[in-house]
Amino acid sequence: MAPFDLKGVFISAFDYKTEKYVIAKNKKVGVLYRLIQLTVIGYIIGWVFVIKKGYQETEESIQSSVITKVKGVAFTNTTGSEAWLWGPEDYVIPQQGEAMLFITTNFITTPNQKLGYCAESVKVLDGHCQGNEDCPEGDTVIAGHGIKTGRCLKKDRNSTGTCEIYGWCPIERSSRPVVPLLGKAENFTIYIKNFIRFPLFDFSKSNVLETVDDTYLKKCLYSELTHPYCPIFRLSDIVQRTGHDFQDMAVLGGTIGILIEWHCDLDKGYSACHPRYSFTRLDVKTTARAISSGYNFRYARYFKNADGQNYRILFKVFGIRLDILVHGKAGKFNIIPTIINIGSGLALMGAGAFFCDMVLLYMMKKSTLYRERKFETDNKNGNNNRKSTDLSEEAVKPPSELEQLTDPTSDQHTPGITDLPKDNSSA
């Protein structure tokens with residue numbers, strides 16, 4: 001048994017090995033290979049670089065600030081409440097102008113409430129009673145308006161009554177509105193000012209036109225075509241852009257999402273970064289019989305009469321809630337993602353060659369001969385069994401299409417390949 005040559009193994013680690021190329025003159029496989037190459041090149045150029053801008057470094061962690069301001073007035077004079085001129089300080093909640101705001105479009109008032117004793121509403125199930133034992137003193141009425149006093153108030157002995165409560169009396173009116181009392185709110189204007197910054201590129205911008213004309217914001221309304229940098233919107237236009245009618249939505253209220261998107265190609269400069277607005281109604285009912293719809297809440301205004309007694313006016317207000325969201329993405333050329341995407345493309349080109357090899361090795365009728373040409377094995381005596389196989393093939397049949405492969409026994413040498421030693425036993 002030959003001794004193990006450790007030195008030879010160590011030296012062979014520094015040998016350079018190159019691939020062997022065999023030219024298969026098969027037009028079908030050649031056309032397939034070129035089609036794969038063209039597909040990969042089209043994918044890299046068209047999709048990766050042109051559409052997805054794979055040559056850019058991108059950032060999506062946008063820093064944003066939103067400031068809102070609403071303008072407009074409306075007058076109401078309804079039965080049960082005094083005449084009132086509504087300004088932004090009345091119908092906008094919160095008044096300081098944030099990325100979320102509520103605009104009142106309808107309301108129900110319960111005037112002149114004061115703390116005292118009265119019957120619970122018949123619509124409150126926990127307030128129903130047959131006797132005083134059903135109204136334990138001190139218990140809070142579930143989903144009701146006050147605290148039980150221990151008395152059951154009934155019209156007669158056999159009827160179902162309601163518990164007496166201590167709370168703000170008279171209890172809240174529960175009528176359902178039919179028309180919006182602030183229908184003129186459709187002409188209110190909303191000023192949405194947005195500042196954005198991409199810290200990676202130290203790039204900042206706002207959605208307001210940079211101009212020296214002080215009257216521009218006083219006379220413009222947003223238009224995607226004519227005034228894309230005028231961030232002033234009519235409330236009715238916002239509702240209309242969601243596909244709904246303002247007067248219908250104003251009755252019970254609703255919620256609208258306003259999305260401001262910034263897609264900035266910083267290779268094209270500062271002026272190529274524009275805001276895009278989209279509007280969506282978020283509280284759309286899933287079925288026509290949905291028991292919950294719209295948007296409403298309650299608040300109260302407190303006052304004292306001439307005798308110093310505390311009173312309040314309870315408002316149940318319906319309106320449109322606006323949620324303003326800001327998303328963004330910025331990109332700029334960087335050599336690192338460019339090299340990575342080019343390398344990925346070259347790897348896909350190699351996958352095309354591998355696929356064509358599989359076709360020649362396993363899917364062609366005469367794949368055996370190609371396999372023998374591509375892979376060589378040395379026997380113990382140093383003979384190349386591929387050579388003897390080739391000679392036997394030549395002796396029994398004429399050259400075929402696959403015989404047109406490059407002959408490794410000829411005097412032409414493949415670069416980087418050292419020929420195996422010839423067999424001298426037949427000399």
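This briefing describes the nonpolar cores, a surface patch and an annotated site. The model is predicted, so local features need pLDDT of at least 70 and side-chain atom pairs count only at pLDDT 80 or more, while totals for chains, interfaces and linings use all residues. Residues are numbered from 1 along each chain as its sequence is written, and side-chain values use heavy atoms, without hydrogens and water.

**Nonpolar cores**
- A nonpolar core is a set of buried Ala, Val, Leu, Ile, Met, Phe, Trp, Tyr and Cys residues joined through side-chain atoms within 4.5 Å; buried means under 20% relative accessible area, exposed over 50% and partly exposed in between (1.4 Å probe, protein chains only).
- Within the largest core, of 46 residues, Ile103 and Leu322 touch the most other members.
- Strand β16 (310–333) is among the elements that each supply at least two residues of this core, and β16 gives the largest share, eight residues.
- Another core lies apart from this one and has seven residues, including Val22 and Tyr370.

**Surface patch**
- Ile41, Tyr43, Ile45, Trp47, Val50, Ile51 and Leu348 form a nonpolar surface patch with about 670 Å² of accessible area together (Shrake-Rupley method, 1.4 Å probe, only the protein chains shown counting as cover for residues).
- Patch residues have over 30% relative accessible area and no salt bridge; nonpolar side chains (Val, Leu, Ile, Met, Phe, Trp, Tyr) are joined within 5 Å, like charges within 9 Å.
- A salt bridge places a side-chain nitrogen of Lys or Arg within 4 Å of a carboxyl oxygen of Asp or Glu.
- Helix α2 (residues 27–51) gives the most to the patch, six residues.

**Annotated site**
- An unreviewed UniProt entry places a "glycosylation site" at Asn187; such annotations, in the numbering used here and with shortened feature names, may be inferred rather than shown by experiment.
- Asn187 is in the loop between β9 (161–169) and β10 (189–198); helices (H or I, at least four residues) and strands (E, at least two) are DSSP runs, numbered from the N terminus.
- Asn187 counts as partly exposed because its relative accessibility is 44%.
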